[in-house]
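Please keep the sequence and the structure in view while reading.

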Amino acid sequence: MKLVIVESPAKAKTINKYLGSDYKVLASFGHIRDLPSKDGSVSPDQDFAMTWELSAGGKKRLSDIVTAVKDADTIVLASDPDREGEAIAWHILEELTARKKIKDKKIERVVFHEITKSAVTEAIKNPRQIDNNLVSAYMARRALDYLVGFTLSPVLWRKLPGSKSAGRVQSVALRLICERETEIEKFKSEEYWTVDADLVTKTQALIKSHLITLDGKKLDKFDLNTEAKAMEAKAKIEAQDFAVSNVERKKANRYPAPPFTTSTLQQEAARKLRFSAKKTMQVAQKLYEEGLITYMRTDAVNLSKEAVDACRTAILKYFGEAYLPKTAKEYKTKSKNAQEAHEAIRPAHVDETPKKLEVKLDSDAHKLYELIWKRTVACQMNPAVLDKVTVDATSADGKIVLRANGQVINFDGFLKLYVESKDDNDEDDENRILPNVETGESVTKGEIKPEQHFTTPPPRFTEASLVKKLEELGIGRPSTYASIIAVLQERKYVKVEKLRFIPEDRGRIVTVFLENFFKKYVEYDFTAQLEEFLDDISNGEMEWKKLLGGFWSKFIKNIEAVQPLQISEVIEKIDEVLSFHLSLIHI
């Protein structure tokens, strides 16, 4: 008999259907052991020796595995195809080895990126050994998080009573939220005016235009910064006759977005479905374990040939030949860490349309599946073809120019199926349709509307925009974003109002403390650089203890320098940095 060990019972149940009676499938329920939450679990003085401890649940799972191993000739470790999955397999093997349970047993490691019959049977046919580079990267990551958390948190408790703890990546995410809040508080709104003018063609068609040139000078945003200046501009427009001076038409193609990675799925589910990152991952996990989508932790945007062919068949069937490109579209993964990169998140079977699964799935699972299905199929469709039009009307004296922008969708292409949502600071094209006019054609003036505006501060982060920012900065990994956000809320460092993050005073104080006394360790570049080093370890390009040694020697010196500080000195610094914020609270 072959014993197959996976992470979750749902995954075990699905895989059981695909394997014959020669196989027994058991679930480990994730990690069976971890570093104990106490001092000394990682020992820098003993070459970073790590002490592991079985969790309460892990003891029960291991006991079940040990019992099943007795009747097995082969142990197949089939946990997830990433760094954490490799570590789960390694932990199980280490425990079985320590108990002398693997004598004369064949050990195999298999991975699959989708839980379909073909993928599972193919993986079983092509086993490998545990990848020690991935395990080393896991050890380094776990040790770093432990050393920062367990060395820095006691300093935080002593210097800032009431603070919870500090984490390697969470502290940097918190810094982003706090910095944005400071920007908002210090933002000084500036007044500016725009002038719009309705122009009417000889066929009585309306062109809505806006003033771009006055007195022969192209206007900057703040050139009209008072009502008087705006009214003066209005009077000058009223005093002139206008004719069309330029009509520019150009065809533009709009291309579909690539298929989903973990972070783009989290962003789009937040924008379109109002799901938190945590909820998105929970629902995606369920879809994966039921064999409906590929593995949901990935930085990759590439698709297998089979998936592309299935998308092309679906496009032809549901949309027709006009929507199918002559050749398949390829998406290249930019992720440096190719070893952990596999396929994008896609339906395991494209012919399983959202309509077919409507009855089988609950509401949330169906919504997320539909999002993944549409994005995947759309990425292989023809681009949308747009006619972009700019019409300029110039005054008789040549000193005033009014401009109108618009576009017409000539062919909807992929937009027929899927439109990517945008964050609130992303500007969209104007979808105004402009009438046909010729250069030299006279236009008459309709209403001229000066309008007052005020600049607005940058928006607070939503889950989508925070995930996007973390990914841009190279901080954390997509699989960790949901837990980073959850921890900040659990520690009451941030709160969420109207889907946006607002730092609590406690969160701001912790950030100021870290920025002033542990500056290097909350720097964006430093945190991103650590992630790159972990990738290098995964790829066998760096020794994991060398990374830990370099990090620890500097970090412990920083800790030793801060420990003698009096609480009064710390509070003085916090008061100084947060004085503006504190003054707002007392107003």
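The paragraphs below take up the nonpolar cores, then one glutamate, then the cavities.

The model is predicted. In soluble globular proteins, nonpolar side chains tend to be buried together. Here the largest nonpolar core has 142 residues. Within this core, F112, L368, F513 and F518 touch the most other members. The element that gives the most to the core is helix α5, residues 132-159, with 13 residues.

Leaving aside residues up to four places away in sequence, F513 touches V155, L156, K159, L160, F518, V562 and V570.

The next stop is E86, which sits in helix α3, residues 83-98. Is E86 buried or exposed? E86 is buried, because its relative accessible area is 0%, and the cut-off for buried is under 20%. What lies around E86? Not counting residues up to four places away in sequence, E86 touches D80, R109, R128, Q129, I130, D131, L134 and V135. With D131 there is also a polar approach: a polar atom of the E86 side chain lies 2.8 Å from the backbone nitrogen of D131.

Now to the empty space. Rolling a probe the size of a water molecule over the atoms shows where empty space is left. How many cavities of 30 Å³ or more are there? The count comes to two.

The largest cavity holds about 70 Å³ of space. Its lining is made up of V148, L152, G167, R168, S171, L514, F518, Y521, V522, F526 and F551. By class, eight of these lining residues are nonpolar, two are polar and one is charged. F518 belongs to this lining and is also one of the residues that touch the most other members of the largest core.

The second largest cavity has a volume of about 30 Å³. Around it are L199, I207, S209, V244, V391, A393, L402, A404 and V443. Which strands supply at least two residues each to this lining? They are β10 (206-214), β13 (384-395) and β14 (401-411). The lining of the second largest cavity has eight nonpolar residues, one polar residue and no charged residues.

Methods. Residues numbered from 1 in each chain as written. Predicted model: local features only at pLDDT ≥ 70, side-chain atom pairs only at ≥ 80, totals over all residues. Heavy atoms only, no water. Core = buried A, V, L, I, M, F, W, Y, C linked by side-chain atoms within 4.5 Å. Buried < 20%, exposed > 50% of the residue type's maximum accessible area, 1.4 Å probe, protein only. Helix = DSSP H or I, 4+ residues; strand = E, 2+ residues; numbered from the N terminus. Contact = heavy atoms within 4.5 Å. Polar contact = N/O pair within 3.5 Å; in protein donor to acceptor, adjacent residues only side chain to side chain. 1 Å grid on protein atoms, 1.4 Å probe; cavity = no way out; pocket = protein on both sides within 12 Å on 5 of 7 lines; lining within 4 Å. Points joined across faces, edges and corners; volume = space filled by probe spheres on them. Nonpolar A, V, L, I, M, F, W, Y, C, P; charged D, E, K, R; others polar.
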